[in-house]
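Please look over the sequence and the model shown below before reading on. The paragraphs that follow lead from one part of the structure to the next.

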Amino acid sequence: MALTAMLVAVITACSVSYKFNGASIDYTKTKTIQIAEFPIRASYVWAPMQALFNNRLKDEFSTHTKLEQVKRNGDLKLEGEISRYEQRNKAVSAEGYSAMTELSITVNVRFTNNVNHNEDFEQQFTAQQSYDSTLSLNSVQEELVTKMIEDICQQIFNATVANW
């Protein structure tokens, strides 16, 4: 009898609750999200990046939450800008030439939680991808930017509503 009671206590104490959508949102209090367009403020620009980022960020929240996206007065509000887009040499070959180039994107995000202002923040999110320096940026740019945008959008999602 005591063994059964102890087993029940251990099982109950060790229970874990998971949400399969990745979000931990109280939908009784938080129903809407306002996602502003993020302009490019970087000195180096690849024009399609802005639309790719804005669409992917909105898709991240529409796919993984039940929040209604609104134009104004959202319970949650995301705004910011793509602040950096740059490339730099990452590795040097034995001959002294650049062997790998790293491309990176940084997005500055201002998050406002109108339900709980203790969760408000401003933060930068960065992602990098490397490519062989023998390739031209034009030949790899779309693929690499798409991967980095996906990574940054997941970072933003986790920081705002996943509460990991």
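Predicted model: local features only at pLDDT ≥ 70, side-chain atom pairs only at ≥ 80, totals over all residues.

**Rings, helices and strands**

Phe111 belongs to strand S4 (residues 98–113) and Phe121 to strand S5 (residues 121–132), so their pairing ties together parts that are ten residues apart in sequence. A pair of aromatic rings is described by the distance of the centres and the angle of the planes. For Phe111 and Phe121 the ring centres are 5.4 Å apart and the planes stand at 35°, and the pair is therefore called tilted, given that angles under 30 degrees would count as stacked and angles over 60 as edge-to-face. Ring pairs also bring in Phe125, so that Phe111, Phe121 and Phe125 are linked into a cluster.

How many aromatic pairs does a search of the whole structure find? The search finds five, and another of them joins Phe38 and Phe53. Here the centres of the rings lie 5.2 Å apart and the planes meet at 65°, which is why this pair counts as edge-to-face. Phe38 sits in the loop between strand S1 (32–35) and H2, whereas Phe53 is part of helix H2, so the pair ties together parts that are 15 residues apart in sequence. Phe38 and Phe53 are both buried.

The protein has three helices and five strands, and, read from the N terminus on, its elements follow the order α-β-α-β-β-β-β-α. Of its 164 residues, 35% count as buried.

The axes of H2 (residues 48–64) and H3 (residues 137–162) come within 9 Å and cross at roughly 40°. An angle of that value makes H2 oblique to H3, because angles under 35 degrees count as roughly parallel and those from 65 to 115 as roughly perpendicular. In passing H3, helix H2 makes a right-handed crossing. On the side of H2 the contact is made by Met49, Leu52, Phe53, Arg56, Leu57, Glu60, Phe61 and His64, while the residues of H3 that take part include Val145, Ile149, Cys153, Ile156 and Phe157. Sorted by class, the contact of H2 with H3 has twelve nonpolar, four polar and three charged residues.

Although Pro48 and Glu142 are 94 residues apart in sequence, their C-alpha atoms are 8.6 Å apart in space.

If its neighbours within four places in sequence are left aside, Gln128 is in contact with Glu102, Leu103, Ser104 and Met148. Met148 is 20 residues away from Gln128 in sequence, and the two are 6.3 Å apart in space, C-alpha to C-alpha.

Definitions and conventions: Residues numbered from 1 in each chain as written. Heavy atoms only, no water. Axes fitted to C-alpha atoms, helices over the stretch in contact; angles between N-to-C directions. Helix = DSSP H or I, 4+ residues; strand = E, 2+ residues; numbered from the N terminus. Parallel < 35°, antiparallel > 145°, perpendicular 65-115°, else oblique. Left-handed = near helix turned anticlockwise from the far one by under 90°. Contact = heavy atoms within 4.5 Å. Nonpolar A, V, L, I, M, F, W, Y, C, P; charged D, E, K, R; others polar. Phe/Tyr/Trp six-rings, centres within 6.5 Å; stacked < 30°, edge-to-face > 60°. Buried < 20%, exposed > 50% of the residue type's maximum accessible area, 1.4 Å probe, protein only.
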